[in-house]
Amino acid sequence: MYSFDPVTDNSAQVNIRWEKISVPFTVEVKDVTALAMKKVRDAVAAAKPDDWRTPFQAANYALQNKNNEEGMAWLDQSIKVKETFQNLAAKSQALFAAGKKDEALTVADKAIARGKADKVDTTNFEKRVADMKAGKM
């Protein structure tokens, strides 16, 4: 039998057991985020000119890992290829998180309009935007 316990962000202890013998060992990647960011950069660089999804997904990963500069650049790249509700909403949220409320609300309105034009359910996002406008966030 084998198990993985404990597991952290950058390591896992592998436990191999048979009968009365147990052999644990640790597998570790020193900087998972740096390794992942390298792969993300490579993916964006290799993306086709009409691919808005790869830079959008890269932006989401970068922003989640506090790499705001690249995240915003990749959102802009995604939007330049094709404006979608998803990438506009993500940019609005990133701008709001960066303290740029007025710019965030402008992009949010654009996201909602794009979403409605594309028949996307924007209800939850509209509620968040209303909270932003009301200062509840």
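What is the volume of the largest pocket? In this predicted model, the largest pocket has a volume of about 310 Å³, and its lining is made up of 13 residues, among which L63, N68, Q93, A94 and A97 lie nearest the centre of the pocket. The elements that each contribute two or more residues to this lining are the helices α2 (53–64), α3 (68–81) and α4 (85–97), and the largest share, five residues, is supplied by α4. Sorted by class, the lining of the largest pocket comprises seven nonpolar residues, four polar residues and two charged residues.

The elements that give two or more residues to the nonpolar patch are the strands β1 (2–7), β2 (11–18) and β3 (21–28), with β3 providing the largest share, four residues.

Is F4 buried or exposed, or does it fall in between? Its relative accessible area is 48%, and F4 is therefore described as partly exposed, because that class covers the values between the limit for buried residues, under 20%, and the limit for exposed residues, over 50%.

Definitions and conventions
Residues numbered from 1 in each chain as written. Predicted model: local features only at pLDDT ≥ 70, side-chain atom pairs only at ≥ 80, totals over all residues. Heavy atoms only, no water. 1 Å grid on protein atoms, 1.4 Å probe; cavity = no way out; pocket = protein on both sides within 12 Å on 5 of 7 lines; lining within 4 Å. Points joined across faces, edges and corners; volume = space filled by probe spheres on them. Nonpolar A, V, L, I, M, F, W, Y, C, P; charged D, E, K, R; others polar. Buried < 20%, exposed > 50% of the residue type's maximum accessible area, 1.4 Å probe, protein only.
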